[in-house]
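Please go through this structure with me as a tutorial in dialogue form.

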Amino acid sequence: MSMKTTLTMTKTCTVIGLVGSYLLGGTLTAMAAEKIAPKTLQFLEAVELSGYVQSSYQKSWGANGTAGDPGTTPARLFNNNRNGFDIDQAKLTLEKPLGDGEAGAGYRVDLLYGRDASRISGNNNSFFLEQAYVQFRLPVGAGVDVKMGRFVTLLGNEVIDAPANWHYSHSYIFSSEPYTHTGAMLSYKWNDLVDTQFGVVNGYSDTAGANGAADNNSGKSVTGRVGLTLLGGQLVASTIGIAGAEHSGNNNGTRWVVNEVITYSPKWNEKWKFALEGIYGRDTRMDLATGVAGAPEAMWWGVAGYTKYQWMPHFSTALRAESLSYNGSALSIFGWGGTAPLVTAADYSGKGHVEDITLSCSFDNIWKNLTPRLEVRYDRVNPSIFGNGADGYQNGIFTASLDIIYAF
């Protein structure tokens, strides 16, 4: 048989094989489609599926953990592993967005797994239902967006979701704020400059882990935000607040917080980003909450500044500096702990202060969807709360961490 004849037969067999594979593949695809229920296909067409996984290693120096090393770091609810690896967050989000039409309906569900989920929920269950709400748009004016269910708080520059923050660790201000609420929220954009949100929720926070519990009395809290977008979108200033009765079993006393968040992304150098956050909070009638006669109302106030610079497409650095002051009554709300339990009215009157400076290096999407981050952080507190009763307490601690996020 000649070489030409052999090549001809080879090409013919290849073509027949490709045609056969195409026909067989089309048949199998058609058979698979017939077995999928129409409702399932409609669901898959409408839903947006996203999420991420975050793992980390962190090491601390300066004081032993509260239960001996490795232990945990007091006052830092998140990212408080003293020495070890962690699965911080694994998140799955299903959403049917509202779209851009005058009217529409949808939903969103965020399921969070990992160490942070158990820290928020306050138990050993590593799952936390971060968000689950129905959303729809009322055809009023430019469209009033409504959501009802559980949703994340309006307060704060930092958020629960790791990929949205510039740093691995969270600020003390973040730890003093609520995390999620259950209730109803209205959102309306008046024009290119002003947008507003207003909600009625069960309480300051509906998580048992810190800063409140799910609906511990018959009162409700109101929360809202007024946003101003200036300089052609470069500057966004948000004034945020929440107020309501938060003491277990009674509606006496009011906890209220005012929060200001300003972000600036200058067009004169798009590599720079800046953010500034301030907070002031009070909670009255703390004697009803603590059971200690004469316990003063809780007070806390602080400020945090952020800056980020994108040195190149896959590398950026970020810096955070913050300061937060409080009294002992506020500590009973935060659940941060300390050198000794709060027992007398004088303990609740005592003043405290925490501050940190944090530097992060982020290798943004160095591989597709993959972002490693390196962070160093120094914390200083007064009174001393880092350490444990057996080894003593100290007022300074240094931590270094590596976290890796894969987002999809």
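## Salt bridges, rings and loops

A: Let us begin with one side chain: arginine 119 counts as buried, because its relative accessibility is 11%. The model is a predicted one.

Q: Which strands are tied together by the salt bridge of aspartate 195 with arginine 225?

A: The closest N and O atoms of aspartate 195 and arginine 225 are 2.5 Å apart. Aspartate 195 belongs to strand S7 (residues 194-201) and arginine 225 to strand S8, so this pair joins parts 30 residues apart in sequence. Both aspartate 195 and arginine 225 are buried.

Q: How many salt bridges are counted, and which residues are linked in a network?

A: The count comes to 19 salt bridges. A network of salt bridges links Arg76, Glu158, Arg320, Asp356, Arg377 and Asp379.

Q: Over which ring does the charged end of arginine 377 sit?

A: The charged end of arginine 377 sits over the ring of tyrosine 172, 5.3 Å from the ring's centre. There is also a lysine case: lysine 147 lies over the face of tyrosine 133, at 4.9 Å from the ring centre.

Q: How is a pair of aromatic rings described, and how many such pairs does a search of the whole structure find?

A: A pair of aromatic rings is described by the distance of the centres and the angle of the planes. The search of the whole structure finds 15 aromatic pairs. One of them joins tryptophan 256 and tyrosine 280, with 5.7 Å from centre to centre and 45 degrees between the planes, and this pair is tilted. The pair links distant parts of the chain, since tryptophan 256 is in strand S10 (residues 255-264) and tyrosine 280 is in strand S11 (residues 272-283), 24 residues apart. Tryptophan 256 is partly exposed at 31% relative accessible area, and tyrosine 280 is partly exposed at 30%.

Q: Why is the pair of tryptophan 272 and phenylalanine 274 called stacked?

A: The ring centres of tryptophan 272 and phenylalanine 274 are 5.4 Å apart and their planes are at 10 degrees, so the pair is stacked. The cut-off for this class is an angle under 30 degrees. Ring pairs also link Tyr264, Trp272, Phe274, Tyr309 and Trp311 into a cluster.

Q: Which residues make the nonpolar surface patch, and which strand gives the largest share?

A: The patch covers about 880 Å² and is made by Leu49, Ile87, Leu92, Val109, Leu111, Tyr113, Phe127, Leu129, Tyr406 and Phe408. Strands S2 (83-96), S3 (104-113) and S4 (127-138) each supply at least two of its residues. The largest share, 3 residues, comes from S3. Tyrosine 406 is in strand S18 (residues 396-407), and this tyrosine counts as partly exposed at 38% relative accessibility.

Q: Which residues does tryptophan 61 touch, leaving aside those up to four places away in sequence?

A: Tryptophan 61, found in strand S1 (residues 48-61), touches Ile397, Phe398, Thr399 and Ala400. The C-alpha atoms of tryptophan 61 and glycine 396 are separated by 8.9 Å, although these residues are 335 apart along the chain.

Q: Where in the backbone is a peptide bond cis, and where is phi positive in a residue other than glycine?

A: The peptide bond from asparagine 382 to proline 383 is cis, with omega near 5 degrees. Proline 383 is placed in the loop between strand S15 (370-382) and strand S16 (386-388). Leucine 231 has a positive phi, near 55 degrees, and lies in the loop between strand S8 (221-230) and strand S9 (235-244). Leucine 231 counts as exposed because its relative accessibility is 51%.

Key:
Residues numbered from 1 in each chain as written. Predicted model: local features only at pLDDT ≥ 70, side-chain atom pairs only at ≥ 80, totals over all residues. Heavy atoms only, no water. Helix = DSSP H or I, 4+ residues; strand = E, 2+ residues; numbered from the N terminus. Buried < 20%, exposed > 50% of the residue type's maximum accessible area, 1.4 Å probe, protein only. Phe/Tyr/Trp six-rings, centres within 6.5 Å; stacked < 30°, edge-to-face > 60°. Lys NZ or Arg CZ within 6 Å of the ring centre and 35° of its normal. Patch = residues over 30% accessible without salt bridge, like charges linked within 9 Å, V, L, I, M, F, W, Y side chains within 5 Å. Areas by Shrake-Rupley, 256 points an atom, 1.4 Å probe, with all protein chains shown as cover. Salt bridge = Lys/Arg side-chain N within 4 Å of Asp/Glu carboxyl O. Contact = heavy atoms within 4.5 Å.
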